[in-house]
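Please look through the sequence and the model shown below.

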Amino acid sequence: VQLQASGGGLVQPGGSLRLSCVASGSIFKVNDMGWYRQAPGRQRELVASVNTGGTTNTADSVKGRFTISTDNAKTTVYLQMNSLRPEDTAVYYCNAHVIPSRWGIALPYWGQGTEVTVSS
């Protein structure tokens, strides 16, 4: 199973970016997907997640500005980021718990990270 993240870049404060993460490979079912971020000198933190039922969980620091969603197949997760602030600068990682086969168990997988820089 591979997770390929994309969409990061340099944006001015107040701007928007949309991150995407595609899960591919041996996938029977994706249980939940999410986005984490890690700023320099800080621990990785949860930004937002979505489970198979569509229930989302969003960090207070980005609530009202960031929205997580998935495609119908639930193998791609998006993070729409609006009203970006300098403190949102970080490497963003996608995460998914994937069941690789019908008789398997859910295992965690990580994407390679995509860098988001918010600066004027």
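**From strands to core**

Along its sequence, the protein runs through the pattern β-β-β-β-β-β-β-β-β-β-β. Its secondary structure thus comprises zero helices and 11 strands, where strands are DSSP runs of E with at least two residues, helices are runs of H or I with at least four, and both are numbered from the N terminus. This is a predicted model, in which local features need pLDDT of at least 70 and side-chain atom pairs count only at pLDDT 80 or more, while totals for chains, interfaces and linings use all residues. Residues are numbered from 1 along each chain as its sequence is written, and side-chain values use heavy atoms, without hydrogens and water.

The C-alpha atoms occupy a box of roughly 50 × 25 × 20 Å along the principal axes. Of the 120 residues, 37% are buried, that is, under 20% relative accessible area with a 1.4 Å probe, counting protein chains only.

In soluble globular proteins, nonpolar side chains tend to be buried together. Here the largest nonpolar core has 29 residues, and Trp35, Val47, Phe66, Leu79, Met81 and Tyr92 touch the most other members. Such a core is a set of buried Ala, Val, Leu, Ile, Met, Phe, Trp, Tyr and Cys residues joined through side-chain atoms within 4.5 Å. Strands that each supply at least two residues of this core include β1 (2-6), β4 (29-38) and β9 (90-99). The most comes from β9, with five residues.

Leaving aside neighbours within four places in sequence, Met81 is in contact (heavy atoms within 4.5 Å) with residues including Leu17, Phe66, Tyr92 and Val116.

Methods
Buried < 20%, exposed > 50% of the residue type's maximum accessible area, 1.4 Å probe, protein only.
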